[in-house]
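Here are a few notes for a first look at this entry. Please keep the structure open while you read.

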Amino acid sequence: MIPDQSRHRAFLTFGSAALLTLTLLIMSLPARAQESRLPSIGGNGGGLIAGQQESDIGQQVMISIRRSTPRITDPLVYDYLSAIIYRLVPSAPLQNRDLTLTLIDSPAINAFAVPGGIVGVNGGLFLNAATEQQFASVLAHELAHLSQRHFARRMQQQETSAPLTLAGMIAGIILSAVTQSDIGIAAIAGTQALAVQNMLAYSRANEQEADRVGLDILATAGMDPSGMPEMFEIMMRQNRMQGNRPPEYLSTHPLTQSRVADTRNRAEQYPDEDIRDGQEYHLMRSRLQVRYAPSPEIAVETFEGYLKQPDAQRNDAIRYGLAVAYTEDRQYEKAADILNDLLAGNPGRITFQVSLAEVRLAQNRPDDARAILMGALARNPGNYPITYALAETEIADGNGLAAAEHLKQLTRKLPGQEQLWLKLAEAEGMARNIVGVHRARAEYDVLMGDLEAAQRQLRQAQEKLPAGAPQRQVVTERLAEITSRLNAHFNN
């Protein structure tokens with residue numbers, strides 16, 4: 001089933017991009033024992049922030065996101081986002097192509113890219129982009145901003161031309177991080193908030209450059225550049241409909257009709273090719289439409305209505321959306337019937353296999369789920385959604401040891417996904433591997449920026465291991481690394 005169905009309704013209305021930018025200004029004054037040292041902008045020489053500094057900023061942004069921003073952790077959606085991003089990346093003029101992706105759990109249109117290679121996408125981008133080309137155009141635009149270092153340049157301009165008074169802002173940000181609410185943001189007022197908003201908004205020149213570079217990225221990656229003006233038109237329509245509350249994305253990416261026209265003219269200069277969407281985009285779009293539906297019952301009604309349209313019975317994305325809606329509405333056999341029919345026509349489609357396994361697991365049929373997933377994994381070794389679904393199946397069936405093995409593979413492949421470490425700790429606890437629990441919890445604490453908690457977990461793991469044991473050496477080395485980072489923080 002789609003996880004955390006009740007959680008995404010409570011997304012904070014304050015713009016996520018603003019929250020992310022504010023976090024860049026913390027961190028010399030930690031809220032608790034956390035790794036939160038932020039380098040000065042521009043350095044002594046006044047130039048752009050250096051690569052290592054950008055990496056440090058990126059780490060702090062991710063810590064803030066993990067602590068305070070609801071996110072989508074659905075492996076199927078994350079896997080699709082990774083695939084489309086890394087289809088675009090080879091065509092982007094990025095100095096550093098090691099990106100960190102995050103999915104924000106909000107139905108609003110938004111995406112962002114900040115120093116350190118952090119690329120974020122709201123779930124709402126899937127809802128509003130009718131085609132994969134439109135969706136990819138927003139990602140290409142953000143990669144263009146990143147490659148041209150527009151955000152870093154804005155940060156430098158703010159530092160040199162209009163220095164901020166940070167004391168009240170830092171206090172508000174820390175309060176927000178601790179309470180995981182917007183109460184601290186409310187404490188930031190007047191000229192400070194205005195200065196931050198000024199730093200958030202890209203200039204028209206930045207936007208035009210990102211449009212031009214983004215169009216090149218799309219074309220070189222084999223995607224349709226016309227998706228960009230089409231997506232801009234969608235945003236303009238939303239802007240007109242929402243009046244004084246424009247789409248979140250437009251608060252930081254000013255959009256005018258002339259810019260839309262310019263982008264359309266540029267897109268028309270590229271060769272006219274017949275470029276079609278990949279099916280996976282529309283499957284994920286249907287999956288998220290169910291997620292953001294007011295209720296499972298309404299999701300079922302919506303997709304049943306779609307199926308009454310001409311030719312809809314041949315539309316796999318609509319049928320898949322109905323299967324997901326039936327699953328959320330606990331109409332499991334109806335969901336299974338659709339998924340089995342979809343698999344008959346697409347026997348190797350991972351999304352259908354994982355979704356059918358989710359249905360069988362929801363029916364308390366772990367053996368059936370396992371059989372589906374083991375067959376899928378044999379054909380797709382190391383696949384994230386399949387492996388994660390297998391781990392969930394083993395946990396549900398009480399097989400902590402087997403679940404832990406699957407999750408260890410995933411944490412090696414995706415060490416920055418903190419929910420994997422929590423799930424691994426759960427599996428290790430089920431397997432009665434207390435050392436494994438401490439080690440997994442330590443890695444989770446590191447990603448959350450709480451190095452003292454990580455240090456405590458590793459010390460407890462160390463105490464439970466005999467001297468000379470190979471695993472003790474590994475724990476000791478990791479403990480030394482964490483301790484060194486803590487000392488560097490306190491000595492700074």
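Is Asp211 buried or exposed? Asp211 has 2% relative accessibility, so it counts as buried, the cut-off being under 20%. Bear in mind that the model is predicted.

1. **The annotated pair.** An unreviewed UniProt entry gives the feature "active site" to Glu142 and Asp211. These positions are spread over 70 residues of sequence, yet they cluster in space, with a largest C-alpha distance of 9.3 Å. Please treat the label with care: such annotations may be inferred rather than shown by experiment.

2. **Where Asp211 sits.** Helix α10, residues 204-220, holds Asp211. Setting aside neighbours within four places in sequence, Asp211 is in contact with His141, Met228, Phe232, Arg259 and Thr263. With His141 there is also a polar contact: the two side chains meet at 3.0 Å.

3. **Where Glu142 sits.** Look at helix α5, residues 132-147, for Glu142. Glu142 counts as buried because its relative accessibility is 1%.

4. **His145.** Helix α5 also carries His145. The relative accessible area of His145 is 1%, so this residue is buried. Its side chain makes a polar contact of 2.9 Å with the side chain of Glu207.

5. **Strand β3.** Now turn to residues 118-122. Of the 5 residues in strand β3, 5 are buried, so the strand is largely enclosed by the rest of the structure. In a regular strand, side chains alternate between the two faces of the sheet. Both faces of β3 are covered. Ile118, Gly120 and Asn122 are buried on one side, and Val119 and Val121 are buried on the other.

6. **Partners of β3.** Which way does strand β1 run relative to β3? β1 (residues 100-104) and β3 are parallel, joined by 5 bridges. Ile104 has Asn122 of β3 as its bridge partner. Strand β2 (residues 111-114) pairs with β3 in the antiparallel sense, over 4 bridges.

7. **The hairpin.** β2 and β3 form a hairpin, with 3 residues between them. Check Gly116 in the turn: its phi is positive, at about 95°.

8. The unreviewed UniProt entry annotates residues 437-464 as "coiled-coil region". In the model, this span is 86% helix and 0% strand. How far apart are the end C-alpha atoms of residues 437-464? They lie 12 Å apart. Please view that span alongside its label.

How values were computed:
Residues numbered from 1 in each chain as written. Predicted model: local features only at pLDDT ≥ 70, side-chain atom pairs only at ≥ 80, totals over all residues. Heavy atoms only, no water. Helix = DSSP H or I, 4+ residues; strand = E, 2+ residues; numbered from the N terminus. Buried < 20%, exposed > 50% of the residue type's maximum accessible area, 1.4 Å probe, protein only. Contact = heavy atoms within 4.5 Å. Polar contact = N/O pair within 3.5 Å; in protein donor to acceptor, adjacent residues only side chain to side chain. Pairing = 2+ DSSP bridges.
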